[in-house]
Amino acid sequence: MSFQLTYKPFGPNAILIAWPQVITVEILKDIKGFQSNIEQEHIDGISEFRVAYNSLLITFSNQHIHFEVLVLRLKAIYEQDASSKPHPVTKWEIPVCYNSTFGIDLEALAHTKQLSVAELIQRHTAPVYTVYFIGFLPGFLYLGGLDEVLHTPRKATPRLQIEAGAVAIGGNQTGIYPSESPGGWHIIGKSPISFFNASHNLPCFAQPGDQIQFKPISEKEFNSIQKLVQAGRYNLNKTEVVC
Amino acid sequence: MLKVLRLGLYSSIQDLGRKGCQQYGVPVSGVMDRQSAALANALLGNDENDAVIEVTMMGPKLQFFKSTIICISGADLSPEIDGKSINLNAAVVVNEGDVLSFGRLQYGMRCYLAIQHGFQSEIVMGSRSMYQGITASQVLAQGQELHYKDSEVNLTAKHVVVNPVSNLFKEKQLKVYKGPEFDGLNNVQIKGLLDCDFTISKDHSRMGYRLQEPLCHNLNAIITSAVMPGTVQLTPSGQLIVLMRDAQTTGGYPRVLQLSAEAINVLSQKNTGQSVSFKLVQ
């Protein structure tokens with residue numbers, strides 16, 4: 001663990017640990033590794049860890065914890081562990097139907113990029129994306145790894161309503177809307193998968209550090225997977241990856 | 001059972017919200033003004049986390065089909081039972097068939113209707129707080145029925161009427177801590193932030209309060225990172241947004257301040273056009 005970190009109070013009940021201001025998989029691994037080392041210490045009073053691209057927020061009850069004391073303890077934990085242990089993550093295969101009924105901006109985007117629709121889909125399905133964290137909406141995965149050719153400024157005027165499952169590109173990011181929401185991203189397809197389920201023990205199947213790959217499916221496959229999802233009988237394809 | 005006969009402006013069931021779910025992108029939610037909600041629950045001998053109805057500006061009309069004891073705290077929306085005005089901050093017996101309605105808003109923004117043992121609505125992810133996509137609905141609906149437990153309806157010596165001495169409704173100063181990006185502001189900007197009054201714009205909700213006067217600054221956007229209820233964001237155009245209980249869990253605007261728990265309660269009782277200022281505490 002070798003980054004220069006800053007430790008700042010964020011109100012009386014939280015500490016924000018910040019890594020350098022860049023988005024890389026190395027930083028994500030470092031954050032995850034640090035979090036798991038802190039968790040192993042079972043520090044009394046810590047209530048939650050929240051990972052983002054280059055930060056870890058730790059919330060705590062200030063009846064048990066004093067900020068300065070906690071910082072010293074965290075610094076010691078960070079310095080202690082110099083090796084980044086390889087740990088397995090899950091790679092999820094996410095079925096997406098890229099047709100123009102669902103991908104309402106697909107053709108316009110391909111035209112802007114001077115690609116054929118097939119080339120655009122190929123460039124979107126080829127990368128293995130990394131899940132950095134979950135935020136914005138319940139179950140919204142912040143993914144890294146979008147092909148630079150597909151980077152596209154957000155729409156000037158956001159749409160008032162985007163359907164749950166919409167697969168979209170905005171800026172240098174791609175993502176799936178987990179629930180109906182307004183949004184300014186370009187919609188290129190739709191996934192029949194449910195990305196958030198409040199009644200499940202783990203409401204999101206993916207967690208920070210996991211990997212995602214999109215798999216193109218036909219509208220017919222979309223419909224049959226959707227039925228299975230609704231019946232609670234669809235199992236995502238997944239593989240364990242050590243990285 | 002209680003039935004919603006007529007809707008108010010925005011009424012929802014809330015408790016102290018969802019803890020430990022923000023890592024999944026789920027907002028904290030819960031009562032906006034914890035002080036007033038806690039008072040209403042305390043006066044009934046309830047648990048602090050018992051679910052209450054948060055009523056905003058214009059109250060609903062509610063009919064009780066089983067006798068119980070209620071208590072209303074927070075904003076004064078002129079509550080009445082069967083046309084007779086009732087006290088705030090006091091346990092009140094309601095009988096089968098009684099109708100609770102609200103009148104003119106006298107002060108504040110939100111009041112809390114607590115009921116003996118709390119409302120027994122669905123618990124999702126450890127909380128009864130209503131939030132779109134988490135609970136079945138986001139607000140109370142016309143005709144909706146809410147359940148509550150049977151209880152003794154005799155007022156006893158423990159059921160006191162209180163006159164809270166708090167400054168909750170008159171206070172305009174919000175006690176704040178430095179946010180993670182505070183140190184990026186220069187002295188002129190800090191002076192502007194801490195010495196000026198800010199007016200509450202018409203854009204305010206359970207998600208956040210936008211303030212009217214812009215603050216000139218040269219802070220860059222940050223890489224998306226965690227935010228919390230009470231985080232004050234500074235947008236590129238200089239608008240300050242104070243995030244409230246239903247706020248998203250992450251954001252990309254610089255986080256210049258963080259409200260104290262007390263300040264979130266104070267702001268929750270403010271309406272469009274009222275002004276607030278920030279006071280840094282250590």
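## Contact between the chains

Two residues are in contact if their C-beta atoms, placed from the backbone, lie within 7 Å. On that basis, 23 residues of chain B meet 30 residues of chain A. The side of chain B that touches chain A divides into 10 nonpolar residues, 12 polar and one charged. In this count Ala, Val, Leu, Ile, Met, Phe, Trp, Tyr, Cys and Pro are nonpolar, Asp, Glu, Lys and Arg are charged, and the others, Gly among them, are polar.

## Model and confidence

This is a predicted model: local features need pLDDT of at least 70, side-chain atom pairs count only at pLDDT 80 or more, and totals for chains, interfaces and linings use all residues. Residues are numbered from 1 along each chain as its sequence is written, while chains are lettered from A and ligands numbered from 1 in the order in which they are written.

The model scores ipTM 0.91 and pTM 0.92. Chain B averages a pLDDT of 94, where pLDDT is the predictor's confidence in each residue, from 0 to 100. In chain B, 99% of the residues score at least 70.

## A sheet in chain A

Five strands of chain A form an open sheet. Their order is E7-E6-E13-E5-E14, and the pairing is mixed. Helices (H or I, at least four residues) and strands (E, at least two) are DSSP runs, numbered from the N terminus. Two strands pair if DSSP finds at least two bridges between them. The edges of this sheet in chain A are strand E7 (141-144) and strand E14 (237-242), each of which pairs on one side only. Neighbouring strands of this sheet are turned by 35° against each other on average, direction ignored. Axes here are lines fitted to C-alpha atoms, for helices over the stretch in contact, and angles run from 0 to 180 degrees between N-to-C directions.

Strand E5 (residues 88-96) of chain A pairs with E14(A) in the antiparallel sense, over six bridges. A:Trp92 has A:Lys238 in E14(A) as its bridge partner.

## Two domains in chain B

Chain B is assigned domain 1 (2-146) and domain 2 (173-280). These bounds come from an automatic or database domain assignment. Taken over C-alpha atoms, the centres of the two domains of chain B are 27 Å apart. Domain 1 of chain B brings 16 residues to the contact and domain 2 of chain B brings 13.

On the domain 1 side, helix H1 (34-42) and strand E10 (107-115) of chain B each supply at least two residues. E10(B) gives the most to that side, with three residues. By class, the domain 1 side has six nonpolar, seven polar and three charged residues.

## Strand E10 of chain B

E10(B) is largely enclosed by the rest of the structure, because eight of its nine residues are buried. A residue is buried if 20 or more other C-beta atoms lie within 10 Å of its own, exposed if 12 or fewer, and partly exposed in between, with C-beta atoms placed from the backbone.

Strand E3 (residues 52-56) of chain B pairs antiparallel with E10(B) over four bridges. There B:Thr56 stands opposite B:Arg110. Strand E5 (residues 68-76) of chain B also runs antiparallel to E10(B), joined by six bridges. B:Cys71 has B:Ala114 in E10(B) as its bridge partner.

## B:Thr249

B:Thr249 lies in the loop between strand E17 (240-243) and strand E18 (250-251) of chain B. It counts as buried because it has 26 C-beta neighbours inside 10 Å. Not counting residues up to four places away in sequence, B:Thr249 touches A:Gly135, B:Gln22, B:Gly25, B:Pro27, B:Ala226 and B:Val227. B:Thr249 and B:Thr56 are 193 residues apart in sequence and 24 Å apart in space, C-alpha to C-alpha.
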